[in-house]
Amino acid sequence: MDEKTLIAKRVALELRDGNLVNLGIGLPTLVARYLPAGVNVFFQSENGIVGMQALPEEGMEDDDLTDAGGGPIGAVPGAASFDSAMSFGLIRGGHLDVTVLGGLQVDQEGKLANWMVPGKMVPGMGGAMDLVSGAKRVIVAMQHSAKGESKILRRCTLPLTSARPVSLVVTDLAVIEPTPNGLLLRETAPGVTVEQVLANTAAELIVPADVPVMPLAP
Amino acid sequence: MSKVRRVEAAVEGIPDGAVLMIGGFMAVGSPLRLIDELVRQRKRDLTIIANDTARPGQGIGKLIVEKLVARVVASHIGLNPETQKQMIQGDLQVELVPQGTLAERIRAGGFGLGGVLTPTGVGTVVEEGKRTVEIDGKVFLLELPLKADFALINAKRADYYGNLEYALTARNFNPLMAMAAETVIAEAQDIVPVGVIPPDAVVTPNVVVDLLVAKERRHG
């Protein structure tokens with residue numbers, strides 16, 4: 001199993017039946033493939049729909065039915081479409097149960113940076129700042145390290161997405177929960193030791209006596 | 001008087017330097033014929049308020065590639081390298097606004113509000129230079145309204161009075177922008193007789209629409 005699949009399969013277990021869920025572009029979209037049996041959720045796409053699904057088959061593309069990247073999608077029975085103010089009212093107004101986003105850095109307090117690298121990449125924040133400020137639970141799905149450098153740091157060096165801490169960080173090495181006392185190591189990935197996680201993390205981790213192995217969705 | 005104009009005539013009234021709101025999300029729900037006509041008539045020094053600048057050869061991306069834009073207010077420019085290049089070279093001013101804040105600033109402009117208070121951006125670079133307001137112990141940013149000289153809108157269907165209905169994710173910013181500009185020009189995929197669109201299906205009421213782009217003739 002590759003690292004992205006592993007992360008997606010762990011994040012999928014965080015979704016509850018009946019949730020409204022927003023998946024960011026890239027790795028987070030993989031989560032939809034691994035929903036456990038009996039868990040039915042509505043996926044939101046912030047360009048204006050609740051009830052998106054993957055395009056059922058080629059030839060069913062509709063120019064007016066797209067995801068936030070402009071690519072063709074399908075809609076489930078019971079889907080609803082609306083304008084951008086309503087879409088972000090759902091996000092900011094506390095109606096969105098879970099958002100899953102990619103990350104560039106997470107700091108000691110659980111604050112996320114994921115929208116720009118000054119001087120290199122300035123794509124804009126899109127909906128990320130609203131999602132992190134407004135969703136009930138914010139889950140970061142990302143690789144633990146990039147180019148050998150830990151993405152979990154004492155302090156983010158990149159501009160923050162929100163001052164609000166995220167709820168959970170799922171990486172290819174560990175599940176980490178930001179708490180008022182610091183970053184709590186909740187689980188390790190299969191075959192990964194606590195020592196390996198600590199050696200690959202540039203922030204302090206609280207390590208409980210028992211750190212279970214990450215369960216994964218089938 | 002009829003609101004229907006040929007696309008050439010609808011765009012002729014837009015001066016160089018105008019502030020334009022353009023509907024659409026990655027060109028989905030953008031008024032593509034109006035954008036092509038802006039390019040053909042070489043309207044310059046435009047300020048574009050829109051969710052994004054699409055891709056280089058697509059929708060609003062065409063205006064960027066043709067260097068017709070002086071300033072962009074958008075939430076995302078990541079899929080158009082040309083926008084980023086012109087910004088870094090200093091040829092194009094870009095103001096990045098969180099997407100939900102952009103929607104609400106446009107809504108505030110169109111709905112006569114003096115601004116909106118949002119938690120989005122507090123404690124980030126978006127807060128710089130802005131007033132904050134504390135309400136019940138929570139900090140909000142005061143974000144100011146946006147207005148435009150022209151709103152260029154895409155709709156699924158219009159009637160000849162200018163009542164508009166929209167399709168799926170092609171709705172996005174269009175109904176908000178239709179309220180926030182001095183002159184509203186709507187390009188619909190179809191124009192039908194008055195009465196065909198039931199009142200409950202109308203999203204943008206005809207009174208805010210000034211001009212309708214004539215249908216493309218298929219023959220005759």
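How many helices and strands does chain B have? In this predicted model, in which local features need pLDDT of at least 70, side-chain atom pairs count only at pLDDT 80 or more, and totals for chains, interfaces and linings use all residues, chain B has 6 helices and 12 strands, where helices (H or I, at least four residues) and strands (E, at least two) are DSSP runs numbered from the N terminus. Residues are numbered from 1 along each chain as its sequence is written, while chains are lettered from A and ligands numbered from 1 in the order in which they are written.

The radius of gyration of chain B, taken over C-alpha atoms, is 18 Å, which is close to the 17 Å that the globule rule (2.2 Å times the number of residues to the power 0.38) gives for 220 residues, so chain B is as compact as a globular protein of that length. Along the principal axes, the C-alpha atoms of chain B fill a box of roughly 60 × 40 × 30 Å. Of the 220 residues in chain B, 51% are buried; a residue is buried if 20 or more other C-beta atoms, placed from the backbone, lie within 10 Å of its own, exposed if 12 or fewer, and partly exposed in between.

B:A54 lies in the loop between β3 (46-49) and α3 (60-65) of chain B, and it counts as buried because it has 28 C-beta neighbours inside 10 Å. B:D136, in contrast, lies in the loop between β7 (132-135) and β8 (138-143) of chain B and counts as exposed, because it has 4 such neighbours inside 10 Å.

Between the chains, 35 residues of chain B are in contact with 33 residues of chain A, a contact being two residues whose C-beta atoms, placed from the backbone, lie within 7 Å. The elements giving two or more residues to this side of chain B are α5 (99-111) and α6 (174-177) of chain B, and the largest share, 5 residues, comes from α5(B).

In chain A, an open sheet of 10 strands with mixed pairing has the order β4-β3-β2-β1-β5-β8-β11-β12-β13-β14, two strands being paired if DSSP finds at least two bridges between them. Its edge strands, each pairing on one side only, are β4 (74-81) and β14 (205-206) of chain A. Strands β12 (residues 174-179) and β13 (residues 182-188) of chain A pair in the antiparallel sense over 6 bridges.
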